Amino acid sequence: MDHAPSTPYLVDPGGQRHRLDRERTRLGRGADSDIVITSPRASRDHARVLLERHKVWIEDLGSANGTWVNEARITAPIELRDGDSIVIGDTALTYHDPNTTYRDPALPEIELDLTSGVVRVNRRIVTLSAKEFALLGYLFAHRGMVCAKAEIGRAVWPDYKAEANDYQIENLMRRLRVRLSPDGGATDLIETVRGHGYRLKSG
């Protein structure tokens with residue numbers, strides 16, 4: 001399918017491009033869908049893509065098996081970004097936006113949802129332990145600021161009668177750094193401020 005260079009589009013498993021050039025694009029198993037998903041796990045009216053003010057969003061329409069973006073089931077409309085993976089039923093689609101300006105970000109992008117406990121780094125789900133999540137939550141709430149070890153200890157181990165020791169904090173910090181790195185190695189996203197504590201850099 002041809003598409004204008006500036007028009008966002010979805011690519012299906014067969015390599016076909018589906019232009020997103022209208023305000024509402026419906027996806028589902030129904031024959032009247034704008035993009036028909038043949039998977040038996042897809043609902044007739046499964047999801048829709050919305051174009052609003054130069055932004056592209058996707059929302060689930062109460063489907064039985066959900067709409068998944070970058071391996072996470074969405075519960076509200078989510079803005080799409082170039083390269084995002086969308087799964088409807090058993091069908092995976094990739095979103096592309098030709099207007100995206102490519103650049104290497106200085107720091108990974110972190111999204112933290114305290115309500116659902118979901119953490120994304122560069123739009124990909126990251127699984128953390130309860131302590132790792134508590135540590136990230138504290139650093140995230142104070143991002144850009146230096147957090148002392150004593151403050152971190154009280155936030156992550158609130159039930160401890162004694163202060164958490166340096167080894168516990170440093171070991172947990174090391175594990176969190178590895179988790180947050182997109183390539184699985186250590187990242188400089190969390191800075192050690194010697195003699196003071198740690199700081200989550202804000203991009």
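Modeller: Let's start with a term: a salt bridge is a side-chain nitrogen of Lys or Arg within 4 Å of a carboxyl oxygen of Asp or Glu. Bear in mind that this is a predicted model.

Biologist: Thanks! How many salt bridges does that rule give?

Modeller: The count comes to 12 salt bridges. In one of them, the side chains of Glu59 and Arg48 meet at 2.4 Å, N to O.

Biologist: Where do Glu59 and Arg48 sit in the chain?

Modeller: Glu59 is in strand S6 (residues 55-60) and Arg48 is in strand S5. They are 11 residues apart, and the pair links distant parts of the chain.

Biologist: OK, and S5 and S6 belong to a sheet? What is the strand order there?

Modeller: That open sheet has 5 strands in the order S4-S3-S5-S6-S9, with mixed pairing. Strands S4 (35-36) and S9 (78-79) are at the edges with a single partner strand each, so one side of each has no neighbour in the sheet.

Biologist: How do S3 and S5 pair, parallel or antiparallel?

Modeller: Antiparallel: S3 (residues 24-28) and S5 (residues 47-52) pair over 4 bridges. Thr25, for example, has Val49 in S5 as its bridge partner.

Biologist: What about the sheet with S7 in it?

Modeller: That one is open too, with 6 strands in the order S2-S1-S11-S10-S7-S8 and antiparallel pairing. Here S2 (17-19) and S8 stand at the edges; each has a single partner strand, so one side of each is left without a neighbour in the sheet.

Biologist: And what joins S7 to S10?

Modeller: Strand S7 (residues 67-69) and strand S10 (residues 85-88) run antiparallel and are joined by 3 bridges. Trp68 has Val87 in S10 as its bridge partner.

Biologist: Switching topic: how many aromatic pairs are there?

Modeller: A search of the whole structure finds 0. A ring does have a charge over it, though: Arg143 lies over the face of Phe140, 4.0 Å from the ring centre.

Conventions: Residues numbered from 1 in each chain as written. Predicted model: local features only at pLDDT ≥ 70, side-chain atom pairs only at ≥ 80, totals over all residues. Heavy atoms only, no water. Pairing = 2+ DSSP bridges. Helix = DSSP H or I, 4+ residues; strand = E, 2+ residues; numbered from the N terminus. Phe/Tyr/Trp six-rings, centres within 6.5 Å; stacked < 30°, edge-to-face > 60°. Lys NZ or Arg CZ within 6 Å of the ring centre and 35° of its normal.
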